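These are my notebook entries on one protein chain, written while I looked things up one at a time.

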Amino acid sequence: MQFSEFKENDLSAIELIENEVHAYPWTRGNFLDSIKSNHTCLIMKLNDEIIGYTVIMFVLDECHLLNISIKKSMQKQGYGSHLLNEVIHRANLACSKTIYLEVRVSNRAAIRLYDKHGFNEMSIRKDYYRAKEGREDALLMGLVI
């Protein structure tokens, strides 16, 4: 398993995963904006295949986890934990004090993953995400590192 910064030529593979795992996926433009904004955009490869990616943004002494995704066929095998550990490692290298993220309140699998890694529930962001019927709340979580 290897981690590296992703580039524009990786976006086709990333978009396939993004569209497979999210009801309301990021667009190519969202990913390009993150690259242009110098966010940390990482891919995780296994045997030269992109199986996951993350986008993180650093602001002062904070790390904001904007997107983290694992290919559907590779989920529930520990790869999400490996990718999240890399995020935590990068946050430590950047001297971040806290990692923040938002997650859909309905995304129990992701919440369990974040709980396992020591993230704590901080608050609810009402109507944060688009949903099939209106809006869905987000759980704001944080990890002090």
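**Entry 1: Ser81.** I looked up Ser81 and found that this residue is buried, with a relative accessible area of 10%. The model I am reading is a predicted one, and I keep that in mind for every entry. Ser81 lies in helix H3, which covers residues 79–93. When I left aside its neighbours within four places in sequence, I found Ser81 in contact with Leu113, Lys116 and His117.

**Entry 2: Helix H3.** Which residues of H3 are buried? I noted Tyr79, Gly80, Ser81, Leu83, Leu84, Glu86, Val87, Ile88 and Ala91. I then checked the length of the helix: at 1.5 Å a residue, the 15 residues of H3 should span 21 Å, and the end C-alpha atoms are 21 Å apart, which agrees.

Entry 3: In what order do the strands of the open sheet lie? I read the order of the seven strands as E1-E2-E3-E4-E5-E7-E6, with mixed pairing. At the edges I found strand E1 (2–5) and strand E6 (120–131), each of which pairs on one side only. On average, neighbouring strands of this sheet are turned by 25 degrees against each other, direction ignored. As a reminder to myself, strands of a sheet pair through backbone hydrogen bonds, either parallel or antiparallel.

**Entry 4: Strands E5, E6 and E7.** Strand E5 (residues 98–104) and strand E7 (residues 134–144) pair in the antiparallel sense over seven bridges, and Glu102 stands opposite Leu140 in E7. E6 and E7 also pair in the antiparallel sense, here over eight bridges, and Asn120 has Gly142 in E7 as its bridge partner. A hairpin through two residues joins E6 to E7. Within strand E6 I also came upon Asp127, which has a positive phi of about 55 degrees although it is not a glycine. Asp127 counts as partly exposed, at 47% relative accessibility.

**Entry 5: Helices on the sheet.** Which strands does H3 lie across? I listed E1, strand E2 (40–46), strand E3 (49–59), strand E4 (62–70), E5 and E7, and noted that H3 runs at about 160 degrees to E4. Helix H4 (residues 108–116) packs on the sheet as well, touching E4, E5 and E7, and its direction makes about 160 degrees with that of E5.

**Entry 6: Helix H1.** I turned to helix H1 (residues 11–21), whose buried residues are Leu11, Ile14, Ile17 and Glu18. Why do I say that these buried residues line one face of the helix? Seen down the axis of H1, they fall within an arc of 125 degrees, so they line one face. An α-helix has 3.6 residues a turn, so residues three or four places apart point the same way. The buried residues of H1 pack against helix H2 (28–36), E2, E3 and E4.

**Entry 7: The nonpolar cores.** How many residues does the largest nonpolar core have? I found 24, and those with the most contacts inside it are Leu65, Leu84, Val103, Tyr114 and Phe119. The elements that give two or more residues to this core are E3, E4, H3, E5, H4 and E7, and H3 gives the most, with six residues.

**Entry 8: Met57.** My last entry is on Met57, which has its place in strand E3. Is Met57 buried or partly exposed? It is partly exposed, with a relative accessible area of 25%. The C-alpha atoms of Met57 and Asn38 are separated by 8.2 Å, while the two residues are 19 residues apart along the chain. Leaving aside its neighbours within four places in sequence, I found Met57 in contact with His39, Glu62, Cys63, His64 and Leu66.

Conventions:
Residues numbered from 1 in each chain as written. Predicted model: local features only at pLDDT ≥ 70, side-chain atom pairs only at ≥ 80, totals over all residues. Heavy atoms only, no water. Helix = DSSP H or I, 4+ residues; strand = E, 2+ residues; numbered from the N terminus. Buried < 20%, exposed > 50% of the residue type's maximum accessible area, 1.4 Å probe, protein only. Contact = heavy atoms within 4.5 Å. Pairing = 2+ DSSP bridges. Axes fitted to C-alpha atoms, helices over the stretch in contact; angles between N-to-C directions. Arc of directions from axis to C-beta. Core = buried A, V, L, I, M, F, W, Y, C linked by side-chain atoms within 4.5 Å. Expected span 1.5 Å × (residues − 1).
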